[in-house]
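Good morning. I will talk about charged side chains and a few aromatic rings. Please look at the model first.

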Amino acid sequence: MSRSWSLEQIVTFAGQASRFAAGESVANVGLWTAAGVSDRALWGRYHGSSSEPYDVAVDHVDVRARCSCPSRQRPCKHAIGLLLLWSQGHVAASSEPPAVTRWFRADQPIAPAGDAGNGDAQPADAPSDAPPAPTPPPPEPPGDDGSGDRDTARDQRIARLLAGLVELERWLDDRMRTGLADPALARFDTWDELAARLTDARASALANRIRRLAGKVGASSDWHRRVLAELGVLSLIAAGGRRVPELPDGLADRVATACGWQVRTADVAGGTAETDDWLVAGRSDVREDLIEVRRVWLHGLRSRRWAMVLSFAAYQQTLDESLRVGQVISGDVHRYPGASLRVVVGERTHLAAADVGSRAATEIASSLAAGCADVGAAISAEPWAERLATIVTATVTIDEHGHWVLADEHGTLPIAASERDVTAAIATVLAAGGGRPVAMTVEWTAEGYVPLTVFADGRAYDVGPRADGDFVEAA
Amino acid sequence: MNGELLTAALLGTDRHPPPVADHPAVADLVADAAVDAADDPTAAGPARRLLTTIAAAVVAERAGQTPRAALPFVIRAASDDRPLLPVAAARRWTQLRGPLAALRPEYLAAATAAGWRPSADVLVAMLGWARGSVRHHRAVLAFGDPLASWLLDLLPDLGLLERATGEHEQHQPVPPEIVTIFETAAERPADFAAHLVAGIGDGSYRWAHRGVLSNAVVSAPVAVLAAAAEQLTQLHDDALRLGDSGGPVALCAALLELVTTRRAMLTELQFTGDRR
């Protein structure tokens with residue numbers, strides 16, 4: 001059995017102090033399963049806050065590491081963490097799992113002909129006193145699971161994404177250098193070219209944000225302030241995206257998703273289930289470029305946690321109508337990586353009577369101040385969030401500028417006047433309460449709050465912005 | 001976000017140095033970011049510093065949001081003791097679209113006569129629908145008051161359009177070849193269903209007459225609806241059995257939907273169960 005690496009070797013392998021520190025943060029026995037070590041390999045499964053565990057393997061002879069996390073950094077913190085566990089004596093000798101063997105065989109280090117095994121093939125950041133590398137086994141065809149190809153494709157995706165983020169940061173820097181008064185900002189091409197490059201980089205979420213932002217230029221009297229705020233948030237995402245490997249797991253996953261890192265729905269649905277009685281608290285449809293995006297907000301009546309189901313429809317397609325506002329559904333949701341707000345709805349076991357939702361919402365509803373605090377806490381966790389829901393008891397009234405605002409006895413909050421159907425929503429709030437406060441789900445946006453659902457008379461009135469019926473098909 | 005930040009961003013850092021953040025926490029955060037970026041000349045430049053300051057200020061503002069000062073509520077609406085429109089009836093209103101919209105005036109009249117109080121969503125939808133017609137608008141007020149008038153005072157945008165049609169609206173002329181359907185409905189209601197079905201069956205009433213026939217069905221006495229539904233169903237099924245999927249089937253299906261919807265609507269509006 002091989003001698004475990006020393007701390008100095010691991011520090012050298014990590015290459016950067018910050019990466020070693022990140023590795024230390026995950027070197028916790030309780031977070032690892034199926035760990036083992038052989039004469040050549042070290043492996044384990046890391047269970048962080050992601051819905052999916054990461055499979056980590058280290059070739060401690062040829063000094064290579066592989067991990068299924070989305071980090072571009074090699075070695076990633078999980079590999080460092082696993083090495084630290086080994087050095088602390090927490091990894092027992094075991095026989096190599098076939099997947100690890102296949103990976104090693106499919107991913108041989110590149111060595112000059114005739115020089116195999118002389119140590120020249122070690123990465124530049126390998127520990128200087130790493131154990132000598134034995135002669136590697138003869139190359140074999142890649143494993144039939146295609147994992148080598150998948151890993152390569154994934155690495156290429158990450159590289160493209162990072163290149164896109166660098167591009168975005170440069171573009172943002174240019175905007176700040178030349179200023180928002182630069183006439184180039186009024187040209188759609190200025191935005192569209194960047195969006196196209198971000199789409200090429202597979203950062204589609206950022207590309208969409210850029211295109212939406214282009215639509216705000218000149219659209220209101222205070223557009224400079226609105227656009228500037230969004231540019232700041234974009235810079236935050238870009239900076240976070242470049243530093244994903246250094247971020248805590250959950251945050252790293254959320255940042256990666258905000259950048260456009262895509263996760264297969266099937267993988268999410270296979271993750272840990274969160275079972276609760278889910279109040280379908282609200283719905284909002286937003287046109288984003290050429291698609292309608294539907295957000296359905298779920299509120300866990302036991303956990304008090306929010307979840308959000310997204311669905312999309314291009315022209316003449318249908319949006320998901322399976323979740324009716326006001327319903328209470330007992331069942332499972334599966335969160336996207338990083339304890340995200342976004343979920344996939346799993347098994348539904350029970351549908352409560354029609355008036356249960358309205359009663360529950362009335363009990364949950366808080367003051368505007370408490371609602372603000374909820375939204376603020378969610379923004380602290382995801383500062384790039386564009387929409388967040390909360391349930392408040394309030395009515396609407398008119399402020400000194402003649403604008404409608406949400407109001408309770410202690411304060412007011414602005415209503416996003418530019419949202420679709422907002423006049424009808426305000427009218428329904430008024431009609432439902434006759435001027436008295438009622439429980440309602442509202443959606444925070446950077447422009448103000450949008451009433452989504454009014455709970456009154458034992459009913460739930462769905463007043464959220466609705467997709468254009470000429471654009472989407474009725475379900 | 002303060003005005004200094006906005007000014008710097010408007011002019012650009014090539015012409016105006018980025019200001020120091022006015023909030024100490026934001027300033028600290030920007031300073032930390034600058035230390036992190038010390039090795040990268042671009043990241044340490046004024047443009048990036050301005051962006052970092054803006055990002056920190058925006059997030060701080062959003063995360064720390066609190067309500068503004070309280071304002072007086074609007075004057076409350078007068079109370080309305082009528083029982084609330086049943087859920088099924090409220091849902092029905094939203095389904096009266098396309099050709100079924102012809103039933104809306106009758107819905108309003110029936111709901112008013114039955115003494116229901118409109119639910120909030122239905123009242124708002126009705127006001128929106130009635131904006132183009134004085135007659136419909138008056139009918140909505142008759143059903144929705146006192147809440148409707150109170151709402152219109154607060155939200156004049158829901159009121160009548162300037163180009164709204166007058167009290168007496170023009171109806172499309174009835175073609176002479178089918179005028180008998182109206183005469184039958186008025187004078188011999190018991191024969192209405194048979195007359196309608198016979199006309200469709202022998203080709204006198206065609207798809208082109210659908211609009212006028214729909215008006216006849218909508219204005220026919222309620223008592224004829226059961227027979228009309230039964231005989232239209234029979235004709236529809238017979239036509240299908242004979243492989244005739246053309247005009248008569250489509251016309252039957254359209255009129256049948258109107259008849260069945262009208263019957264269901266009136267049943268829901270005359271609902272006499274739980275009147276919470």
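A:Glu292 is buried, because its relative accessibility is 0%; buried means under 20% relative accessible area, exposed over 50%, and partly exposed in between, with a 1.4 Å probe and protein chains only. Its salt bridge partner is A:Arg287, at 3.9 Å, N to O, and A:Arg287 is partly exposed at 36%. A salt bridge here is a side-chain nitrogen of Lys or Arg within 4 Å of a carboxyl oxygen of Asp or Glu.

This is a predicted model, so local features need pLDDT of at least 70 and side-chain atom pairs pLDDT 80 or more, while totals for chains, interfaces and linings use all residues. Residues are numbered from 1 along each chain as its sequence is written, chains are lettered from A and ligands numbered from 1 in the order written, and side-chain values use heavy atoms, without hydrogens and water.

Over all chains there are 40 salt bridges. In one of them, A:Glu169 meets A:Arg242 at 2.6 Å, N to O. That pair joins helix α5 (residues 147–178) to helix α8 (residues 223–242) of chain A, so it ties together parts 73 residues apart in sequence. Helices are DSSP runs of H or I, at least four residues, numbered from the N terminus. A:Glu169 is buried at 7%, whereas A:Arg242 is partly exposed at 30%.

Now the rings. Which residues of chain B do ring pairs link into a cluster? They are B:Trp93, B:Tyr107 and B:Trp129. Rings of Phe, Tyr and Trp (its six-membered ring) pair if their centres lie within 6.5 Å.

Notes: Phe/Tyr/Trp six-rings, centres within 6.5 Å; stacked < 30°, edge-to-face > 60°. Helix = DSSP H or I, 4+ residues; strand = E, 2+ residues; numbered from the N terminus.
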